[in-house]
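This briefing concerns the assembly shown below.

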Amino acid sequence: MDTTFLQQAFSDSQVLTVPWSIDYFSVIVGVLTGALFACDRKLDIIGTVVLGLLTGYGGGIIRDVLLQDHGVYFTSHPDLILICIAICAFVFYFRGLFRHLDATVFFADALSVGLFALAGASKAFSLEQGFVLSVILGAITAVGGGAVRDICVGETPGIFQQSNFYAVAGLGGSLAFVILAYGGSPLPLAGVACVFVVVFLRYWSVYFDWKTRNEADLTPHVARGVGKVKRVVSGVFLHGGDATVAQKERRRRGRWRRSREKRD
Amino acid sequence: MDTTFLQQAFSDSQVLTVPWSIDYFSVIVGVLTGALFACDRKLDIIGTVVLGLLTGYGGGIIRDVLLQDHGVYFTSHPDLILICIAICAFVFYFRGLFRHLDATVFFADALSVGLFALAGASKAFSLEQGFVLSVILGAITAVGGGAVRDICVGETPGIFQQSNFYAVAGLGGSLAFVILAYGGSPLPLAGVACVFVVVFLRYWSVYFDWKTRNEADLTPHVARGVGKVKRVVSGVFLHGGDATVAQKERRRRGRWRRSREKRD
Amino acid sequence: MDTTFLQQAFSDSQVLTVPWSIDYFSVIVGVLTGALFACDRKLDIIGTVVLGLLTGYGGGIIRDVLLQDHGVYFTSHPDLILICIAICAFVFYFRGLFRHLDATVFFADALSVGLFALAGASKAFSLEQGFVLSVILGAITAVGGGAVRDICVGETPGIFQQSNFYAVAGLGGSLAFVILAYGGSPLPLAGVACVFVVVFLRYWSVYFDWKTRNEADLTPHVARGVGKVKRVVSGVFLHGGDATVAQKERRRRGRWRRSREKRD
């Protein structure tokens, strides 16, 4: 973290210059998780490198293509690509080294999702894309790479399914950044908040095993509620406010029918 | 439908200004069908929103990326995105409400495919992309979103498989628009024809259960045909036009061989 | 091959003008292989055409979108699109004709991968994208179409899995072109070398059945190596260079322990 970054924290600049080392870190961690994923699917070295690069760069590529702003991040840092390919090759040949680093990989991944959300949201914010698009582009940058990776091996992306918060965390961090940025907070502060929210939500959801729901049809509940409201309203208007009259009548008929059925 | 639209019908303008309400309608219906699709696959709220947006915007995004014309429709209407997210959330929480609306959803979907084909073909036409590309971009806009949706959950897109006309309908409508537009017809008329053709083809194919074929190898038929032609031609040239001589000869030999085989 | 091409071989031009017929040939062969692939998956005519076009144009579209240079090859040659659609339809209706052409299709495919690698690498080179990106964009153009085709039917792309060299061949050809081009060789010569390397690697790998490996964890080997080094080093520093003292000691103890175990 260099002095420019700290100076910015107290200036009025509306463009957040994220130090290149932070961008590099998040891409590298993304590439690492993608390569590990590919190794677990028994892909060859080509598949490992391609899935690694897709996971690390995918979200940014989608963002840049949607913004059509002539600066795809992927093509503007060839040195980073070389580093990433080297990492993928290392993972492919030394998969075993990472078997005992699960906790470390999990933390690095959560951090990198946070930094990706920051990179996406701040880029959209500095290009004045408005509130909604800044939040969405932040979330896409954060988790788009992982979704593309899953689609490329013919699986339904994990973030689309019942799971611990991942896309939700990216969305939360992106939202925090954009709210603070539009609220006039210094951008570096908003950036720190963004990363913090993402990491916090991710750990929180895993710790308490909070999951998104894969089914939540409220129609029956609401239908019952609407039915109740209807009865009350009809009682008020049709029976002069004496709702109980209608209800007693209904219960009486029910009892009479049941007793008749018993006799038969 | 506002007056500008009707005035246009009798002007010479070569750019069709589709009222924004029509664009909004088709995107919203696309989003709705995508969200219903996602609910049926038991995806969570994130998956429902993403698949909904992909279905509604996917075709347009592919068109705009291929045209590279600096105006991705998705990023230029943030208010519509908010509406679409609200619709996806509503579908996710009130899936039950749509169980008895199949016929309505079917009609709305056919209409929206028609309007998408119109939007794609008219944009390509106004950017002077030529006959072929206008038809293709119209068809891509019409059914591209649904294809992307299917690919994202690891399925082969339905439009690639034996099915009732869907892509065929989109292609037909797109073709109708471009033929009429290049034929000098007023663009609004061509637009109405486009939508009509799509809806007509879609209903027609479902009503009569017309399906595209998943296999149609004509080679054996043609081989037989070519064989016949060859015999006739050889007869003409080798036997002085007396084709029957050669045929009789062949039949005689065949009979002789068969009778010999019987005796053995 | 026209005279311009030959003249270029002896000029200093840094832009390789590939004759349009070569581009057309490689796209057409790509489309042909994609259509055959679609027929084998029992897709309908729409699926055959779309997969054909995706295979033929996919790699180029990815390259052009990543370069964002306002000239998507797909949209700039409508006549070629028409030819390709006709080819797809022909393949769909006359699949049987291609059953005995496997060797021809294999050769044409290898050649077209080489020409695609050339087209991608030379375009990136002429846009001065640098060494790394030229190689990568060449490889993406060469095999990206096939990968997109596989993903579209929900399969893990063949090039990601254990297989004969395909992506490796494209990468090798692309690398050969870029090394020669940066080395100052005349571009047409580099182009011929690129195509030759691709075709050679492809045939070579099929002939000797060389395959990429789907698993190659070197960690155990390296761990053993590191252990040996550690012992030698500790011997040097802890036992005054007399490594054998420590080793003998260890062996002696081992023998002693084993003999005791025998007695028990």
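**Annotation and assembly**

The UniProt annotation "domain: Glycine transporter", from an unreviewed entry, covers residues 22–94 and 107–181 of chain A; UniProt positions follow the numbering used here, feature names are shortened, and annotations may be inferred rather than shown by experiment. This is a predicted model, in which local features need pLDDT of at least 70 and side-chain atom pairs count only at pLDDT 80 or more, while totals for chains, interfaces and linings use all residues. Residues are numbered from 1 along each chain as its sequence is written, chains are lettered from A and ligands numbered from 1 in the order in which they are written, and side-chain values use heavy atoms, with hydrogens and water left out.

**Annotated spans in chain A**

- The same record annotation source, an unreviewed UniProt entry, gives "transmembrane region" for residues 20–38, 45–62, 74–94, 106–125, 131–152, 164–183 and 189–208 of chain A.
- Residues 107–181 of chain A are 77% helix and 0% strand, with end C-alpha atoms 26 Å apart; helices (H or I, at least four residues) and strands (E, at least two) are DSSP runs, numbered from the N terminus.
- Residues 45–62 of chain A are 100% helix and 0% strand, and their end C-alpha atoms lie 24 Å apart.
- Residues 131–152 of chain A are likewise 100% helix and 0% strand, with 31 Å between the end C-alpha atoms.

**Chain C against chain B**

- Contact (heavy atoms within 4.5 Å) joins 31 residues of chain C to 28 residues of chain B.
- About 2500 Å² is buried between chain C and chain B, 69% of it from carbon and sulfur atoms; buried area is the accessible area (1.4 Å probe) that two parts lose on being put together, summed over both.
- In chain C, K42(C), D44(C) and I46(C) lose the most area to chain B, together 21% of what that side buries.
- On the side of chain C that touches chain B, α3 (45–67), α4 (78–93) and α6 (130–152) each supply at least two residues.
- α3(C) gives the most to that side, with eight residues.

**Chain C against chain A**

- Here 28 residues of chain C are in contact with 31 residues of chain A.
- The area buried between chain C and chain A is about 2500 Å², and carbon and sulfur atoms give 69% of it.
- L66(C), Q68(C) and F160(C) supply 27% of the area that chain C buries against chain A, more than any other three residues.
- The count of salt bridges between chain C and chain A is zero.
- α3, α6, α7 (167–182) and α9 (219–238) of chain C give two or more residues to the side that touches chain A.
- α6(C) gives the most to that side, with four residues.

Conventions: Salt bridge = Lys/Arg side-chain N within 4 Å of Asp/Glu carboxyl O.
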